[in-house]
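Please have the sequence and the structure open while reading.

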Amino acid sequence: MHRVLVLLTLVAVATLAVVVTPVTGYRPWPHLKPNSSDLIFGGSKKYEGSSEFVHMRYHMGPVLTTNITIHPIWYGRWQNSQKKIIREFLNSISAVDSKHPSVAGWWKTVQLYTDQTGANISRTVLLGEEKNDRFYSHGKSLTRLSIQSVIKSAVTARTKPLPINPKSGLYLLLTSDDVYVQDFCGQVCGFHYFTFPSIVGYTLPYAWVGNSAKLCPGICAYPFAVPTYMPGLKPLKAPNGDAGVDGMISVIAHEVAELASNPLVNAWYAGQDPVAPVEIADLCEGIYGTGGGGSYTGQLLNDRDGATYNMNGIRRRYLVQWVWNHIVSYCTGPNALDQ
């Protein structure tokens, strides 16, 4: 959830829809101010985003402690090469043998969060069955509620419906670059919530992330694209050669981390308002490496071709934002220089 404060400062916003407000509307732009009145960033300058005043609290709801299965729904026209980039990222979350610093190492911070029994979030994240909706069954302009209708179509399809798994399944709706979603670009690049039984028939944790390549790459694919109002700032080279999809990766990571730790919006979050919670990835937006914060992404890595990344997957490289570590009260990631 991110707010537009000024032209160059984009932070969390919670936009109230007709019936429901998905709790996260991720934007990768680095934020300069806290997301909530009780989040005052200060404290040690050694650790990225560190503050003794940030109170990430557990509100007794469930977290995903059993094997997590992610079911992608490909809405619109997707190239096979684009699907491979995203699939490998999801498979990399549990690929513990990947070269350091790794996506699996990044997930270890997410695993620190527990439920009321003390059980940790699962280390196992699986790529489950997928669904293609290449003919835009609900049109090329979706609302927050019609997104739930797309998910309903996927789980109730006559042929090869997605399995219904309320306890450990995550439904990831990915829209192609010619699909507009309510509040896309102006306020959000992705969000998560859960489906309503009145629409879908079940309560299923889900996330939506859009490909911004045609609509707003300077906002949602930053830093692989830059806003037109910032002349002279050069975009970084995307590690997989697709700025739109490479930009989606960090948004997907953001939403999956928060779905695991706050699937029903009653588990881990900071702030006083459960309708607009500040979650474990919200606190670390724009931080990708040591020293990150404000308008600086932090120390990153470059491959031999000049592409920028901070984590290794199974075979590919990715740029993924860090997440909040509630034990030490600062943002952490596997590419930290002081580890």
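## Helix crossing

Helices α1 and α5 cross with right-handed geometry. This is a predicted model. Helix α1 spans residues 80-92 and α5 spans residues 243-261. Their axes lie 10 Å apart, at an angle of about 30 degrees. Because that angle is under 35 degrees, α1 runs roughly parallel to α5.

From α1, the residues Q82, I85, I86, F89 and L90 make the contact. They meet V245, M248, I249, I252 and A253 in α5. By class, nine residues of this contact are nonpolar, one is polar and none is charged.

## Around S176

S176 sits in the loop between β8 (169-175) and β9 (180-181). Its relative accessible area is 1%, so S176 is buried. Beyond its neighbours within four places in sequence, S176 touches Y75, G76, R77, W78, Y136 and N211.

## Salt bridges

The model has six salt bridges. One of them joins R316 to E88, with the closest N and O atoms 3.7 Å apart. R316 is in the loop between β15 (311-312) and β16 (317-318), E88 is in helix α1, and 228 residues separate them. R316 is partly exposed at 24% relative accessibility, while E88 is buried at 7%. A salt-bridge network links E88, R315 and R316.

R144 pairs with D183 at 2.9 Å between the closest N and O atoms. R144 belongs to helix α3 and D183 to the loop between β9 and β10, 39 residues apart. R144 and D183 are both buried.

K214 bridges to D177, with the closest N and O atoms 3.8 Å apart. K214 is exposed, at 61% relative accessible area. D177, at 19%, counts as buried because the cut-off is under 20%.

Terms used:
Residues are numbered from 1 along each chain as its sequence is written. This is a predicted model: local features need pLDDT of at least 70, side-chain atom pairs count only at pLDDT 80 or more; totals for chains, interfaces and linings use all residues. Side-chain values use heavy atoms; hydrogens and water are left out. Axes are lines fitted to C-alpha atoms, for helices over the stretch in contact, and angles run from 0 to 180 degrees between N-to-C directions. Helices (H or I, at least four residues) and strands (E, at least two) are DSSP runs, numbered from the N terminus. Angles under 35 degrees count as roughly parallel, over 145 as roughly antiparallel, 65 to 115 as roughly perpendicular and the rest as oblique. A crossing is left-handed if the near helix is turned anticlockwise from the far one by less than a right angle, and right-handed if clockwise. Contact means heavy atoms within 4.5 Å. Ala, Val, Leu, Ile, Met, Phe, Trp, Tyr, Cys and Pro count as nonpolar, Asp, Glu, Lys and Arg as charged, and the others, Gly among them, as polar. Buried means under 20% relative accessible area, exposed over 50%, partly exposed in between (1.4 Å probe, protein chains only). A salt bridge is a side-chain nitrogen of Lys or Arg within 4 Å of a carboxyl oxygen of Asp or Glu.
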